[in-house]
Amino acid sequence: MKILALDTTAKTASVALADFSEKNGETKIIAEYTLETGTHSTTLLPMIESVLALTGNSVGTIDLYAVSAGPGSFTGIRIGVSTVKGLAFLKNTPCVGVSSLDALAYGCREHKGIIVPALDARRETVYSAIYISDGRGNIEKIREDSQISFDELLLEAEKLSAENSTLPLIMPGDAFSMNIPKYSDRMEKIFSCSNHAGLGAVFAALEKWMASDDKSQFSDSALSPIYLKKSQAEREREEMLASQN
């Protein structure tokens, strides 16, 4: 089963192609392409075309699409989700939406430790969740996705690290690029992990796919974004209405 996975929820766009064998349960990574860009709308399709062309594949050979559906950049989420919906619609190919935080965590699945993916949510807040990885591909999610202050996340991660002193703290995502001086000393104790969110989306999607008895739920019409907060336009409208009242 050929799987094409996308992630455009942060500054780095990621595309991965994998082949999953239902017979032996093994997943072979065929290609991965990551590119830091603020213009996913113009770079994503060429990235997909390159991955498919260079590996001798096409849209017709894809059996399952996976996409990070959020949380993250509202524009980035919409680009990734709409692209997969369009590609899946062509041949009614199933598609699985996964948490972008799950994708980041699974992208670090070969690292043993406490994985704390963090995506910049503005105003010194982040989208985050917490996972424990055994370094052999097994990941346990111990806190669900939420938007919290960066300070609160660090406190929670540091507490877990103190309780599990043999496990390093690993933080994939764009939190390291937030460059908040008051947290720099604490960030020195945390390991950064390269963005392999496209690759992680493959494994997160496969887990959902294999666990489901109802594969019909994975249709392009059912695929929808995952938002943890209202858009800026919605917040500004509510603030304006509140001030008028």
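This is a predicted model: local features need pLDDT of at least 70, side-chain atom pairs count only at pLDDT 80 or more; totals for chains, interfaces and linings use all residues.
How many of the ten residues of E8 are buried? The answer is eight, which leaves this strand mostly covered.

**The open sheet**

- Five strands make up an open sheet with mixed pairing, and their order is E3-E2-E1-E4-E5.
- E3 (27–36) and E5 are the edge strands; each has a single partner strand, so one side of each lacks a neighbour in the sheet.
- From one strand to the next, the twist averages 15°.
- Between E4 and E5 the pairing is parallel and comprises four bridges.

**Helix H1**

- H1 lies across E1, E2 (12–20) and E3, and it runs at about 25° to E2.
- With 15 residues at 1.5 Å a residue, H1 should span 21 Å, and the 20 Å between its end C-alpha atoms agrees with that.
- The buried residues of H1 are His 40, Thr 43, Leu 44, Met 47, Ile 48, Val 51 and Leu 52. These residues sit on the same side of H1, because they cover an arc of only 160° around the axis.
- Packed against that buried set are E1, E2, E3 and H2.
- On the face turned away from the buried side, you will find Thr 42, Glu 49, Ala 53 and Leu 54, which are exposed.
- Gly 56 follows H1 and has a positive phi, near 70°.

**Helix H2**

- Buried in H2 are Phe 74, Gly 76, Ile 77, Ile 79, Gly 80, Val 81, Thr 83, Val 84, Leu 87 and Ala 88.
- The cover over these buried residues includes helix H1 (40–54) and the strands E1 (2–7), E4 (64–68), E5 (95–98) and E8 (125–134).
- Just after H2 comes Asn 92, with a positive phi of about 55°.
- In the loop between E4 and H2 lies Pro 71, which is joined to Gly 70 by a cis peptide bond with omega about 5°.

**E8 and its partner strands**

- E6 (112–115) pairs with E8 in the antiparallel sense, over four bridges. Gly 113 has Ser 133 in E8 as its bridge partner.
- E7 (118–120) is also antiparallel to E8, and three bridges join them. Here Asp 120 has Val 126 in E8 as its bridge partner.
- E9 (139–149) runs antiparallel to E8 as well, with eight bridges joining the two. Ser 146 in E9 is the bridge partner of Ser 128.
- E8 and E9 form a hairpin with four residues between the strands, where Gly 135 takes a positive phi near 80°.

**The turn between E7 and E8**

- E7 and E8 likewise make a hairpin with four residues between them.
- For context, most residues other than glycine have a negative phi.
- Arg 122, in the loop between E7 and E8, has a positive phi near 75° although it is a residue other than glycine. With a relative accessibility of 60%, Arg 122 counts as exposed.
- Glu 124 lies in the loop between E7 and E8 too, and its phi is positive, near 60°. At 33% relative accessibility, Glu 124 counts as partly exposed.

- Ser 212 is placed in the loop between H6 and H7 (232–244).
- Is Ser 212 buried or exposed? Its relative accessibility is 9%, under the 20% limit, so Ser 212 counts as buried.
- A polar atom of the Ser 212 side chain lies 3.1 Å from the backbone oxygen of Asp 214.
- Leaving aside residues up to four places away in sequence, Ser 212 touches Gln 217 and Phe 218.

Notes: Residues are numbered from 1 along each chain as its sequence is written. Side-chain values use heavy atoms; hydrogens and water are left out. Buried means under 20% relative accessible area, exposed over 50%, partly exposed in between (1.4 Å probe, protein chains only). Contact means heavy atoms within 4.5 Å. Two strands pair if DSSP finds at least two bridges between them. Axes are lines fitted to C-alpha atoms, for helices over the stretch in contact, and angles run from 0 to 180 degrees between N-to-C directions. The expected span of a helix is 1.5 Å times one less than its number of residues. The arc is that of the directions from the helix axis to the C-beta atoms. A polar contact is a pair of N or O atoms within 3.5 Å; within protein, one must be able to donate a hydrogen and the other to accept it, and residues adjacent in sequence count only if both atoms are side-chain atoms.
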